[in-house]
Amino acid sequence: MNRLKHPIVLGGTLAVVAVTAAFAAGPDLGAVKQSATNWPAIGMFAFFVLFTLGITYKAAKGTKSAADFYAAGGGISAGTNSLAIAGDYMSAASFLGISGLVYTSGFDGLIYSTGFLVGWPIVLFLIAERLRNLGKFTFADVASFRLDQTSIRIISATGTLVVVAFYLIAQMVGAGKLIQLLFGLPYLYAVIIVGVLMIVYVAFGGMKATTWVQVIKACLLLGGATFMAGAVLYKYGFNPETLFAAAVATHPKGDAIMAPGGLVSNPIEAISLGVGLMFGTAGLPHILMRFFTVSDAQAARKSVFYATGLIGYFYILTFIIGFGGISLLMSDPAYFTLDAAGAFDKLKGMIGGTNMVAVNLANAVGGPYFLGFISAVAFATILAVVAGLTLAGASAVSHDLYAQVIARGRVNEGAEVRLSKIAAVVIGIVAIYLGYVFENQNVAFMVGLAFSVAASCNFPVLTMSILWRGTTTWGALIGGLVGLIAAVGMVVLSKAVWVTTFGNPVAIFPYDNPALFSMPLAFLTIFVVSKLDNTRRAQRERALFDAQFVRSETGIGADGAHAH
Amino acid sequence: MSDIETARVAQNPNFKALVHERTRFGWTLTILMLLIYFGFIGLIAFDKALLAVKIGGGTASLGLFLGVAVIVFAFILTGIYVQRANGRFDDLTAALKRDVGR
């Protein structure tokens with residue numbers, strides 16, 4: 001592939017970028033120079049788009065009621081739903097970021113993989129079935145089951161929209177940069193293509209189209225990654241030990257790549273990162289929505305089981321791909337920017353940056369057409385993830401804010417769905433605009449922030465309202481607000497924003513990840529405020545817990561009953 | 001559902017067994033998962049040298065095996081829960097629904 005021989009100049013320190021991007025789940029590629037146009041990749045992507053638009057057209061014909069739009073009519077099977085959940089997780093940065101992280105730091109990549117995965121069992125053991133038994137379309141349905149509709153919908157929708165906004169900005173900027181590199185298209189084109197396609201998928205096809213786009217992409221990505229990892233192992237006689245030995249012999253850090261390095265040097269930081277990853281998963285609105293697309297609680301729990309297996313398998317593949325990158329790419333000058341003497345930096349000198357390890361490895365093991373395939377899949381990945389986010393945001397606006405808060409439940413289904421479609425269009429346009437504005441900003445912290453907000457606002461409000469009788473509206477409202485403000489505030493005062501973006505000399509909050517502090521603070525606030533709340537409404541809400549409890553444990557009353 | 005119906009379900013012995021068993025089982029597995037994961041993170045934070053120990057005289061380190069083990073454990077734990085839920089818990093729920101005529 002000729003394209004690879006042209007040096008692409010990158011700004012910023014790439015090792016740092018790879019680390020933050022892995023957490024960010026939205027690759028921050030630094031300043032990127034556009035590459036030559038990559039026609040095979042564009043062709044394959046165009047095919048993906050045509051195919052998914054066909055599905056959207058079909059889905060649009062079958063999407064009439066609100067249940068169709070928000071929850072695909074409850075007709076998604078456990079297997080399909082697990083692929084969609086896994087797809088929401090296998091973002092471009094899980095794939096490119098973590099394989100790049102393994103390439104530079106070896107073992108440290110596993111810290112992120114495990115953190116992203118272990119949230120799932122918790123979701124299954126404590127939340128999934130109860131969520132399914134109590135709710136209808138959004139997690140706010142569940143949180144507001146016996147609490148005041150207006151207050152709880154407002155705090156839940158705010159939490160949802162904040163998470164969606166930060167996640168979307170990171171994905172849009174990541175998409176733009178990635179497409180410059182992979183396809184050789186200008187930044188703004190990429191942002192507009194992503195924005196317009198996600199509007200079309202969501203506004204016309206609702207949850208059905210959004211799910212199927214995610215499922216197709218998940219299959220393509222799992223297939224591609226399996227092929228790559230298989231090809232790497234094939235070269236080492238299917239013996240991982242030989243692969244590791246070759247990697248250690250090639251890597252400048254040598255044997256250090258097999259042990260924890262300096263990535264998580266501070267214990268508090270490591271634990272706070274773990275808390276954010278683990279509980280953030282349990283509070284991501286676009287993922288929680290997926291539990292309403294299956295027919296019953298049994299299907300909900302099966303989908304978590306399969307999804308955990310798929311995601312775990314995917315992370316093990318990513319790890320092999322990272323090590324394959326070390327052993328197969330690191331000694332080949334064709335993949336690096338060379339200096340005058342023909343020497344190159346093995347860690348930072350890769351053409352296109354360290355996030356391109358998986359892409360370059362595709363070329364090494366499968367040739368230019370496989371490279372095109374992986375590039376197209378990477379773009380499809382971003383597209384599928386932003387579509388899910390847009391749907392979650394649009395549902396919060398129409399189902400929570402409009403139908404319950406503004407119209408006080410007096411709204412017909414048609415109007416609500418129409419508003420949801422309008423909201424999807426508006427969110428899409430805002431996302432294109434923000435993607436354009438943030439082109440040259442450091443956005444790597446934003447997905448980390450989204451996870452922290454999900455762990456500190458959505459997750460506490462949801463679990464406390466389901467699991468603790470004593471929770472009252474005031475407790476949930478103030479606790480959720482405190483968690484939200486604490487998470488955002490601590491990130492703003494941390495190094496990523498306070499020093500890097502605002503240019504202050506020292507960070508006021510010493511850690512990059514706030515969840516260890518902001519999440520317990522939210523739980524504590526909900527507890528204390530609820531305890532102090534002895535209004536008549538609070539007493540009624542506690543009394544209503546029994547009915548909620550019976551339904552959350554058994555699903556009795558869930559069919560035919562109104563969800564709120 | 002009316003208050004009388006709620007009370008009727010809540011008093012049912014199958015309901016009590018279901019809630020008791022599932023709550024205990026769910027929290028036990030949750031605590032197990034938390035211990036495994038934060039044990040792993042704790043080792044990374046406080047005992048890096050232990051994780052660097054080689055296994056079987058080869059290149060692969062203990063940390064690598066533990067990291068993969070955390071992933072596999074997460075999968076196995078969800079499997080154990082789903083098996084118990086699809087068997088015992090669903091049976092109890094079905095029996096309960098028969099009892100209360102839903």
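**Entry 1: A:Ala72**

I began with A:Ala72, which sits in the loop between α3 (66-71) and α4 (78-89) of chain A; helices here are DSSP runs of H or I with at least four residues, numbered from the N terminus. Its phi is near 50°, a positive value in a residue other than glycine. Most residues other than glycine have a negative phi. I then checked burial: A:Ala72 has 27 other C-beta atoms within 10 Å and is buried. The cut-offs are 20 or more other C-beta atoms within 10 Å for buried, 12 or fewer for exposed, and partly exposed in between, with C-beta atoms placed from the backbone.

A note to keep in view: this is a predicted model, where local features need pLDDT of at least 70, side-chain atom pairs count only at pLDDT 80 or more, and totals for chains, interfaces and linings use all residues. Residues are numbered from 1 along each chain as its sequence is written, while chains are lettered from A and ligands numbered from 1 in the order in which they are written.

**Entry 2: A:Phe238**

Next I looked up A:Phe238, in the loop between α10 (187-235) and α11 (240-250) of chain A. Phi is positive here too, near 55°. Is A:Phe238 buried or exposed? It counts as exposed, with 11 C-beta neighbours inside 10 Å.

**Entry 3: helix α12(A)**

I tested the length of α12(A): its 15 residues should span 21 Å, and the end C-alpha atoms are 21 Å apart, which agrees. The expected span is 1.5 Å times one less than the number of residues. Of those 15 residues, 12 are buried, among them A:Ile271, A:Leu273 and A:Phe279. The buried residues pack against α6, α7, α17 (445-467) and α20 (515-532) of chain A, together with α2 (13-46) of chain B. Contact means C-beta atoms, placed from the backbone, within 7 Å.

**Entry 4: where chain A touches chain B**

I found 43 residues from chain A and 45 residues from chain B in the contact. On the chain A side, α14(A) gives the largest share, 10 residues. That side divides into 29 nonpolar, nine polar and five charged residues; Ala, Val, Leu, Ile, Met, Phe, Trp, Tyr, Cys and Pro count as nonpolar, Asp, Glu, Lys and Arg as charged, and the others, Gly among them, as polar.

**Entry 5: α22(A) with α1(B)**

A:Asp546, A:Ala547, A:Val550 and A:Thr554 in α22(A) meet B:Thr6, B:Val9 and B:Ala10 in α1(B). I noted four nonpolar residues, two polar and one charged in this contact.

Terms used:
Two residues are in contact if their C-beta atoms, placed from the backbone, lie within 7 Å. Helices (H or I, at least four residues) and strands (E, at least two) are DSSP runs, numbered from the N terminus.
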